[in-house]
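Reader: Please take one part of this chain and look at it closely. How is it put together, and what surrounds it?

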Amino acid sequence: MKPTPDTPTPDYNRAIVLRPLASAAESVRDGEARLLEAVGLAQALGLDVASAEAAPLRQISPRTYFGSGRVERLKEEAETLGVGVIVIDAPLSPVQQRNLETDIGAKVVDRTGLILEIFGLRARTKEGKLQVELARQGYERSRLVRTWTHLERQRGGLGKTGGPGETQIELDRRIIADRIIRLKRELEDVRRTRGLQRRARSRAGLPAVVLVGYTNAGKSTLFNRLTQAGVLAKDMLFATLDPTARQVKLPSHRAVIMSDTVGFISDLPHELVESFRATLEAVTEADLIVHVRDIAHPDTEKQKADVLAVLAQLTKDAGGKSPPVLEAWNKIDLLDAATHDARLRRSESAAEQGGQGALPPVAISAETGEGMDALLAMIDRAAFSATRVITLTLSPDDAGRVRAQIASAGKILEESSDDEGAITLRAELLIEDAARFAPLEPLPEEVRPAAE
């Protein structure tokens, strides 16, 4: 687009956000909510949103996604506002993206590309950068025809004149394919390292608690309050990306390892799920998942469904293992007084009626600290629900061997010995491990209370 004297120069920090609205599949209210989310994503990337609209869409054009009338109006609006970026909150094919850029005269970014750009901006650790780069390479591989400007060149075959040899686009695709293989190899090393760390924590007798939730639900704020970790927490989509783990003391004076994770979002791009598998597999190997929900958000139920859909996908990929899930209803401080009290009564009633296997939700405010004691008590109860404390007296002949087995399987809480060399100890073990040592127990088993 060549600006005329009356046309503002395109500003590539200003954007128009467009949310396609298919009337048959999506209500106006749903479309407006998704539009607000798309605007938040654009702002998280540092773009100044000059205009935002949920656009009705009767059918998808194979050439430009939208019809010619909508494309022409977009071009006029971009020229009038001096906008250099058009954000389309939908997945575009490479052809659609290229044709839209040509027809409008501005850079076009689809939903996947937008989220990838945000992730690239947020990644700080080597692991995070590797995962973002892998996702980006997979995305760019199908878009070489759009993003690379030198594809018309060809490379000769060993300097001979007998043919054009490998075309530049073929070479570039091969380079990307080779890079993807290398990135996957490096991430596999990360996965093995994480596995070793988890096994080390397991041997130390510390259950793993993982925070999950929709982006901007308050996971990082909650994580900071419980661990004093100092993780960046802002009212912004995907404010934090790299996972963090810290030890948290519980009311019973036991401890768990708590991990923060990347926020989920509706229609999370497949490339990201694949690339972040090394991080997200910690979710399926957790002893407890704390699902942090923004209970004050008007679409909290739909956000919950989106999170559960990602968890179901991860569980399926992990062979069906599904850790227990505890819901933390966050941001109750943003509710009006009547709704606030109703949420509290509902969570307290669910807790009183618990015991049927499902974990009752806990209403909290990570910002003000309300409900933190109740949440920690529920984490204590849930994370150690599959353990039992046993008291054993071991004869001198068995003391060394059996004590070593118990220490390897669980955690020794107390230990004493008498003058004859017999050892009496209290140990916390998984129920199945406690059953192996039960015949040695002269006293009835003691079931560990939910919270002390």
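**Strand pairing, then a look at one end of a strand**

Author: Leu18 has Glu53 as its bridge partner in β2. Strand β1 covers residues 11–21, and eight bridges join it to β2 in a parallel run. Strands here are DSSP runs of E with at least two residues, helices are runs of H or I with at least four, and both are numbered from the N terminus. Two strands pair if DSSP finds at least two bridges between them.

The model is predicted: local features need pLDDT of at least 70, side-chain atom pairs count only at pLDDT 80 or more, and totals for chains, interfaces and linings use all residues. Residues are numbered from 1 along each chain as its sequence is written, and side-chain values use heavy atoms, without hydrogens or water.

Now the whole sheet. It is open and has four strands, in the order β2-β1-β3-β4, with parallel pairing. Its edge strands are β2 (48–56) and β4 (107–110), and each pairs on one side only. From one strand to the next, the twist averages 25 degrees. Helix α2 (residues 68–81) packs on this sheet and touches β1, β2 and β3 (83–88). The direction of α2 makes about 150 degrees with that of β1. Helix α3 (residues 94–104) also packs on the sheet, touching β3 and β4. The direction of α3 makes about 145 degrees with that of β4. Axes are lines fitted to C-alpha atoms, for helices over the stretch in contact; angles run from 0 to 180 degrees between N-to-C directions. Contact means heavy atoms within 4.5 Å.

Next, strand β5 (residues 208–213). Six of its six residues are buried. Buried means under 20% relative accessible area, exposed over 50%, and partly exposed in between, with a 1.4 Å probe and protein chains only. In a regular strand the side chains alternate between the two faces of the sheet. In β5, Ala208, Val210 and Val212 point one way, and Val209, Leu211 and Gly213 the other.

Strand β5 has parallel bridges to two strands. Three bridges join β5 to β7 (residues 255–260), where Ser259 is the bridge partner of Val210. Five bridges join β5 to β8. There, His291 stands opposite Val212.

Follow β8 (residues 288–294) to Asp294. Asp294 counts as buried because its relative accessibility is 9%. Its side chain reaches the backbone nitrogen of Ala296 at 3.2 Å. That is a polar contact: a pair of N or O atoms within 3.5 Å, where within protein one must be able to donate a hydrogen and the other to accept it, and residues adjacent in sequence count only if both atoms are side-chain atoms. Leaving out residues up to four places away in sequence, Asp294 touches Asn216, Ala217, Thr300, Gln303, Asn330 and Lys331.

Lys331 is in the loop between β9 (325–330) and α12 (337–352). Lys331 counts as buried because its relative accessibility is 16%. Setting aside neighbours within four places in sequence, Lys331 contacts Asn216, Ala217, Gly218, Asp294, Ile295, Ala296, Ile364 and Ser365.

Last, the setting. The chain has 15 helices and 13 strands. Of its 452 residues, 48% count as buried. Among contacts between residues at least 6 apart in sequence, 69% join residues at least 24 apart.
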